[in-house]
Amino acid sequence: MKKAVKRLMTTARFAKLHKLNKRILHYFDEIGLFRPLTKTNYDYRYYDGSQSIDFE
């Protein structure tokens with residue numbers, strides 16, 4: 001059985017998908033309103049496609 005592969009999006013891609021500026025996503029993360037699925041050591045934020053439903 002194959003394992004499901006998660007497709008992660010960068011902040012820029014997620015912002016473009018929702019027609020907004022990526023700085024808004026950075027701000028939402030800072031205040032705890034909407035957080036990315038994962039964040040790297042260098043503060044790169046990655047969102048999962050399933051988070052689009054929660055964001056909307």
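Predicted model: local features only at pLDDT ≥ 70, side-chain atom pairs only at ≥ 80, totals over all residues.
Reader: Why is D29 called buried?

Author: Its relative accessible area comes out at 2%.

Reader: What is D29 in contact with, once its neighbours within four places in sequence are left aside?

Author: That would be F34, R35, P36, K39 and R45. Each of these counts because contact means heavy atoms within 4.5 Å.

Reader: On to the strands. What makes β1 and β3 a pair?

Author: Residues 8-10 form β1 and residues 45-48 form β3, with three bridges between them in the antiparallel sense. Pairing takes at least two bridges, so three will do. In β1 and β3, you can look at T10, which stands opposite Y46.

Reader: How do you know that β2 pairs with β3 as well?

Author: Strand β2, residues 38-39, is joined to β3 by two bridges, and the two run antiparallel. The requirement is at least two, so this pair meets it. Here T38 stands opposite Y46 of β3.

Reader: What lies between β2 and β3 in their hairpin?

Author: Five residues, and in the turn D43 has a positive phi of about 65°.

Reader: Which residues does the "domain: HTH merR-type" annotation cover?

Author: Residues 8-56, according to an unreviewed UniProt entry. Over that stretch the chain is 45% helix and 18% strand, with its end C-alpha atoms 17 Å apart.

How values were computed: Residues numbered from 1 in each chain as written. Heavy atoms only, no water. UniProt positions renumbered as here; feature names shortened; annotations may be inferred. Helix = DSSP H or I, 4+ residues; strand = E, 2+ residues; numbered from the N terminus. Buried < 20%, exposed > 50% of the residue type's maximum accessible area, 1.4 Å probe, protein only.
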